[in-house]
Amino acid sequence: MPTTAIRLLLADVDGTLVTPDKVLTERAIKAVQSLGEAGIRFAVTSGRPPRGMSMLIEPLHLTTPIAAFNGGLLVNDDMSVIEQRVLPEDLVLPVADLIKTFGLDVWVYRGADWYVPDPNGAHVAREAATVLFQPKVMTGFDGLTSDVAKLVGVSNDLDAVARASSAVHDKFGDHVTSARSQPYYLDVTHPDANKGAVAQYLSAKYSIPADAIATIGDMPNDVLMFAHSGLSIAMGNASPEVQAAARRVTTANTDEGFATAVERFVLPRAEKA
């Protein structure tokens, strides 16, 4: 039986497309260029806000919709909004309160702004360096419960983050998506704001069936898009559970895993001229 040709690759960003130091390597750029030459569209999705992915647009010549906040906000390459999916306003406080019971800090992404309770808290400096803008300091949730694209639970206690993720899923799972985007981050978004929904959106937009889509990622929230693609690829730096959910495993993002995956798994399945 002939293998379906790949017509689109959807990639996670942190831990996948970029190195641990958030560098987009020349080989990764060349790999994306090779996709275009082979007639394969390239798209990105991330828990990052839109501004946190703007630096990818020029070097990668992105023309596909950019799926920020794990699909909570879809924007064009000029940052104009295509579609937004925000958390139900009446759930923002209950979800935040539940996350706090596990000892996690709670960040709020709302519109173009990022709010934190402590500017010197865990991973704030790391996130600011990643998204290339500074947070605003919040003293509470007054005025911050509407139009929330994402709540993030943050802690260096990785077990607590995992337990908080399970608790939010168990209590609010019909109304939100709860998944770890990093071992120290719990992302809570609209139920349709997940990477599986991003893959489905791109499939419909470009009339590309799921089996002609490839996906690549490294974290549990990437597994949601693996199920909506014919070729799923886990990074070598992914956990055993994430690797087990994928059809292929590439090298780590410290060893050009993204470019290796494109060269080894995706380009050989390009449509033959």
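Two strands are taken to pair if DSSP finds at least two bridges between them, and the elements themselves are DSSP runs numbered from the N terminus, with helices (H or I) of at least four residues and strands (E) of at least two. The structure described here is a predicted model, in which local features need pLDDT of at least 70 and side-chain atom pairs count only at pLDDT 80 or more, while totals for chains, interfaces and linings use all residues. Residues are numbered from 1 along each chain as its sequence is written, and side-chain values use heavy atoms, with hydrogens and water left out.

We can begin with the sheet. Six strands make up an open sheet with mixed pairing, in the order β8-β7-β6-β9-β11-β10. Its edges are β8 (136–137) and β10 (177–182), each of which pairs on one side only. Within the sheet, β6 (residues 105–110) and β7 (residues 113–116) run antiparallel and are joined by three bridges; here Val108 stands opposite Tyr115 of β7. Angles, from 0 to 180 degrees, are taken between the N-to-C directions of lines fitted to C-alpha atoms, for helices over the stretch in contact. Helix α4 (residues 89–100) lies across β6, β9 (148–154) and β11 (185–189), and runs at about 10° to β9. Helix α6 (residues 158–172) lies across β10 and β11, at about 160° to β10.

Leu10 stands opposite Ala43 of β2. Four of the five residues of β2 are buried, where buried means under 20% relative accessible area, exposed over 50% and partly exposed in between (1.4 Å probe, protein chains only).

Turning to the interior, a nonpolar core is a set of buried Ala, Val, Leu, Ile, Met, Phe, Trp, Tyr and Cys residues joined through side-chain atoms within 4.5 Å. The largest such core has 50 residues, and those with the most contacts inside it are Leu9, Phe42, Leu60, Trp107, Trp114, Phe258 and Val266. Helix α10 (residues 257–266) gives the most to this core, contributing six residues. A second, separate core holds 25 residues, among them Val95, Tyr115, Leu151 and Val168. Helix α10 is itself mostly covered, with eight of its ten residues buried, including Phe258, Phe265 and Val266.

Charged side chains complete the picture. The whole structure contains nine salt bridges, each defined by a side-chain nitrogen of Lys or Arg within 4 Å of a carboxyl oxygen of Asp or Glu. One of them joins Arg48 and Asp14 at 2.7 Å, N to O. Because Arg48 lies in the loop between β2 (41–45) and α3 (57–60) and Asp14 in helix α1 (residues 13–17), this pair ties together parts that are 34 residues apart in sequence. Arg48 counts as buried at 5% relative accessibility, and Asp14 is buried too, at 9%.

Another salt bridge, between Asp222 and Lys195, has an N to O distance of 2.7 Å. It links distant parts of the chain, with Asp222 in helix α8 (residues 220–226) and Lys195 in helix α7 (residues 195–205), 27 residues apart. In the Glu83–Arg85 salt bridge (2.7 Å, N to O), Glu83 is partly exposed at 30% relative accessibility, whereas Arg85 is buried at 15%.

Note on methods
Contact means heavy atoms within 4.5 Å.
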